[in-house]
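Here is a friendly tour of how this chain is put together. Please have the sequence and the model open as you read.

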Amino acid sequence: MRPERLNPLFATSASLKGVGAGVMRPLEKLGLTRVRDLAYHLPDRFVQRRAVTSLDEASVGEQIVVRLTPREYRASGSPRAPFRVHAEDAAGNICALTYFGRNGAWAKKQLPLGEARWIAGRLDQFGQLLQIVHPEHVAEDGAVALGTLCEPVYPLSEGLTQGRVAALVGQALALAPDLPEWIEPGLKAKLGWPDWKPALLEAHKGEHKPARDRLAYDELLANSLALMLVRNANRARVGQPLQGDGRLRAKLSLPFGLTGAQSRSIAEIEGDLAQGSPMLRLLQGDVGSGKTVVALEAMLIAVEAGAQAALLAPTEILARQHYATLTRMAAGTGVTIALLTGRDKGRARESILMGLVDGSIDICVGTHAIFQEAVTYRNLALVVIDEQHRFGVGQRLMLTQKGQNSLQGRRTPHCLAMTATPIPRTLTLAQYGEMDVSRLDEMPPGRQPIDTRVVAVERMGDVVGALQRHLASGQQAYWVCPMVRESETDDLAAAEARHAELKAVLGDDAVLVHGQLRPEVKDAAMERFASGQARLLVATTVIEVGVDVPNATLMVIEQAERFGLAQLHQLRGRVGRGAEKSTCLLLRGEALSEVARERLALMRETQDGFRLAEEDLRLRGGGELLGTRQSGDTPFRIASLEQIAQLLPLAHDDARLLIERDGGLTGERGEAARLLLYLFERDYGVQLLRGG
């Protein structure tokens, strides 16, 4: 249970003054549903203003605070023309306070003639006239205006203003309690960091690097500590040692010999499975690196040892693809493989459930349905989780605990997690610190490189013509757009509009898939494409993982500059899966930043996903976030990429010291660390200590 002293921070944002349904909706879009979220909603930047006694002291383009006296209203007969208030400074200089959009009545109320006001805003020039367009603050009291000399600028969503967010943040900070210190005292003193609450207050007042770093470190420490507690708890669990005799693996008929990376990873997994404590290992492999073969070898070790294995996929489409692949690869082994999804009903489902109970089914492939309460295994000893980045630590724990639903007792099954998303080494520790890691950094022989080209969007007609010729040859293609439908405030390409245009040319050969479609509609479109009935799949990034159609040899990614490198690489990996040569066309917009140009050049230069992941981290670490946020970027909301690289090793060492030297979550610092885990909702580490 969460400590009582933290309850004010976890109260709903609706409990704050001035938050009704109309304000709550945009707060929810920003994820600011609780007081804690608002307290940690740190400014993007700060507006720095200078106080001047007269306009002669200021420069055009400068943010200033100045005392002006309104002298004259000037309005035009046209509603589109601006309303101007000519005001005078202490030296007699005239400045126009300019308002657009029928704000004349409001301006007159704020700026009565002859009454001095303090004005904050950017000084500009219109012809020979100095002006401040839409002053950001108008105040009678000079102290109020001077309080805006360093003003935070917060991330907003439609329906919120800077003033409203700042007021809510102020209320949230007032509710923040004083908390004991959880950082190792020597480290805190060495780095000159403030205490927790002063750091939180300072981070909202100005560019206070020590305060920002301290708050980021707190988040990293909570994560590191929780992952270590998970790791230690897993080692203390009772597992089932698995030692295979090789008889089933020897019968596998693989098209290629194993790469060195595959052989190394299998040996690491085999060593883990032989232990009495359950394995918790992550298998990282680039697109096409052969993770499925490694997973099958691991599952066959379990079957050779007289146990069962299960493979969990995040979607039904991916589960069916895995089932087909594993069935084909294991055809000569005599192993029984079953598919179980939420769609299975009646006698077919009952037959599978009976096979799992009596042990006649060796390997079960499916979605979350394979761990429902009604599903019991005779002896489930290994769980393989595919596309690991779709599952958080809490979900991983839940899955392995549900895997204990076995007739052989409550022994925790071994867990092998897989991901095709290359993760920079810096972030691997942050996201998977409780797991041992194996990397498939070699590609199997026979994989042809994908011809990657960057094409200007002005050549759209040529691209569509090339697409028609490609489909006419009997091959298939993908066309990826950054969003589902057009937005009034954005010029991103929309999948629905592009599908309509291409369908007008191609007819029923073009199908559409995006995340907002009903599951049955999406599955039907995917199945039409996978079976070859449809030749073009227009989609959003929903196809980033899990689609395997060897006959699809052309990928078109529209407005490619909007995507991160890792995501572009994942999308490109949907082609090049068969014997035919594949092509990826990156359609770019007109205006490209230097970072966008470098990204696209790297995509042409290399197909090494791990190198691209490191380069992506470097480019984004410079503060340039171009385009859609990548799934599983980082598990953090406060720590930036630079802070992760700089502070995560310190947090990792500090967490280890706390557990190994300072008594873990007992004692004075341990109790403070317990508060930290709850504050950052990493309390699954606490639950494990209680045996939960």
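A nonpolar core is a set of buried Ala, Val, Leu, Ile, Met, Phe, Trp, Tyr and Cys residues joined through side-chain atoms within 4.5 Å, where buried means under 20% relative accessible area with a 1.4 Å probe, protein chains only. This is a predicted model, in which local features need pLDDT of at least 70, side-chain atom pairs count only at pLDDT 80 or more, and totals for chains, interfaces and linings use all residues. Residues are numbered from 1 along each chain as its sequence is written, and side-chain values use heavy atoms, with hydrogens and water left out.

**Cores**
- The largest nonpolar core has 91 residues, and L27, W182, W196, L215, L225 and Y377 have the most contacts inside it.
- Helix α8 (residues 209-236) gives the most to this core, with 13 residues; helices are DSSP runs of H or I, at least four residues, and strands are runs of E, at least two, numbered from the N terminus.
- A second, separate core of 39 residues includes A302, I337, V384 and L440.

**Helix packing**
- α8 and helix α22 (residues 667-679) pack at about 100°, with axes 9 Å apart; axes are lines fitted to C-alpha atoms over the stretch in contact (heavy atoms within 4.5 Å), and angles run from 0 to 180 degrees between N-to-C directions.
- The two helices, α8 and α22, are therefore roughly perpendicular (65 to 115 degrees).
- From α8, residues including L221 and L225 meet A673, L676 and L677 in α22.

**Sheet**
- Seven strands form an open sheet in the order β12-β13-β11-β14-β15-β10-β16, with parallel pairing (at least two DSSP bridges between two strands).
- β12 (337-340) and β16 (436-440) are the edge strands.

Definitions and conventions: Buried means under 20% relative accessible area, exposed over 50%, partly exposed in between (1.4 Å probe, protein chains only). Angles under 35 degrees count as roughly parallel, over 145 as roughly antiparallel, 65 to 115 as roughly perpendicular and the rest as oblique.
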